[in-house]
Amino acid sequence: MNRTQLLDPKVFRAMAAVSAAAKKGLGDPGLAELVMIRASQINHCAFCLDMHLGLAREQGESEDRIHFLSAWEETEDLYSERERAALALTEAVTVLTEGFVPDEVYEAAAKHFDEAGLAHLIALITVINGWNRLMVSRRVPPGGRQP
Amino acid sequence: MSTHEEPVPYAPEEPARLRWAQHAPEVYKAMIQLDAVAGQGLDPRLRELVKIRASQVNHCARCLDMHSKDALAAGESVERIIQLGAWQESRHFYTEKELAALELTDAITVLTDGFVPDEVYERAAKHFDEAELSRLIAAIAVINAWNRFGVSTRTPAGHYHPGQHK
C-alpha cells in the first residue's frame, strides 16, 4: 500500500520555521548537520539522511567525520569534546523510551554550551526528530532534495 | 495508634534544568505556531488521547500533567485516560478508529524499534481518509516534539491549569 505523501503546507512551513530558529540560535551549521545526521540514523529516516548527508558534504564536512558518526564514541580525535557532548545529548533526547535524559549526559552538554546554546541544541534535536517522524511514517523516499 | 499522624511528606520538587522557552523565544513562538496548525481538523477528543499516549511512552511528566488536565476539562472520562497506559488490553474503552490512532501513535513515537509497520499504517488508513491521516501524523510528530522539550529540560509537572495555553 502506498503511503500518503500529503503534508499540510502550513505544517511544513511551521516545521521549517522551528528548524530555522533552532539552527540560527545554535549558530554552528557544521554541528547542526552532525546532530541531524545522528538523530536520523537512530530513527532510520532515509529521506532525512539523504538530505543532511548532502548538506554536510556541501558545507565541506569530511567523509571520515560523516562515516564514523554512528560509532562516534569509539573514535579518537575525530570530534571535539563539545561535539561529543552534543552527540551524546542527541542520542539521549532521541531515545526517550529507554529512560529520560541522564544527568551526566545533560551536565556534559551544559559544560560546553551556555543556556541559550543548550536551549537551541535541544530544539534542533527535537525538530529533526519531528522531521524523522513525518518522513518515516509516510515512507517518503530519499532523493527529494535539490542541491 | 494516634489519629493525628503527620502525613509523610512527598519527595521535594526539583526545578526545571533549563527554562528553554526563555532562552530560545523564537523557537518557542515557532512551536506554538506549529502546534496550532498540526492536527487542525482532527477530532479534539482524539487529539488529546494521542497527546496523552505519546507523553506516556516518552515519559513526559509536564506533558501528562497538561494533557490529562485538558482532557478532563474537555469532558473526557477518567477511565479512558487511565486505561491509555494499557490500551491494547482495554480496547473496549475506545472506538476502532481511536485504537487505530493509538496504535499509529505508538509506532511513530518509538521509531527506534523499526519503522512504522505496514499493518499499523494500513489499519489507520482504513479509518482515516488521506487528509485526516496526514493531520494525525503531524499531530503525533508535534506532541513528540513537546515531549522532547519537556523531558530534556525536566520541566516539572503539577503547575498546569486546564486551558492555560489555549
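The entries below go from ground rules to one chain, then to the interface, and end with a single residue.

**Ground rules.** I am working with a predicted model, where local features need pLDDT of at least 70, side-chain atom pairs count only at pLDDT 80 or more, and totals for chains, interfaces and linings use all residues. Residues are numbered from 1 along each chain as its sequence is written, chains are lettered from A and ligands numbered from 1 in the order in which they are written, and side-chain values use heavy atoms, with hydrogens and water left out.

**Chain B.** I looked up the secondary structure and found eight helices and zero strands in chain B; helices are DSSP runs of H or I with at least four residues, strands are E runs of at least two, and both are numbered from the N terminus. The C-alpha trace of chain B spans about 60 × 45 × 30 Å along its principal axes. I noted that 49% of the 166 residues of chain B count as buried (under 20% relative accessible area, with exposed over 50% and partly exposed in between; 1.4 Å probe, protein chains only).

**The interface.** How many residues does each chain bring to the contact? I get 46 from chain A and 45 from chain B, where contact means heavy atoms within 4.5 Å. The area buried between the two chains is about 4000 Å², and carbon and sulfur atoms give 70% of that; buried area is the accessible area (1.4 Å probe) that two parts lose on being put together, summed over both. On chain A, the three residues that supply more than any other three are A:Leu96, A:Thr97 and A:Arg133, with 16% of the area that chain A buries against chain B.

**Charges across the interface.** I find four salt bridges between chain A and chain B, each a side-chain nitrogen of Lys or Arg within 4 Å of a carboxyl oxygen of Asp or Glu. I wrote down B:Arg17 with A:Asp103, at 2.8 Å from N to O. As for elements, α1 (9-26), α5 (81-94), α6 (103-112) and α7 (115-137) of chain A each give two or more residues to the side that touches chain B. The largest share, 15 residues, comes from α7(A).

**A:His52.** Is this residue buried or exposed? A:His52 counts as buried because its relative accessible area is 7%. I found A:His52 in helix α3 (residues 46-58) of chain A. Leaving aside neighbours within four places in sequence, A:His52 is in contact with A:Glu33, A:Met36, A:Ile37 and A:Ile128.
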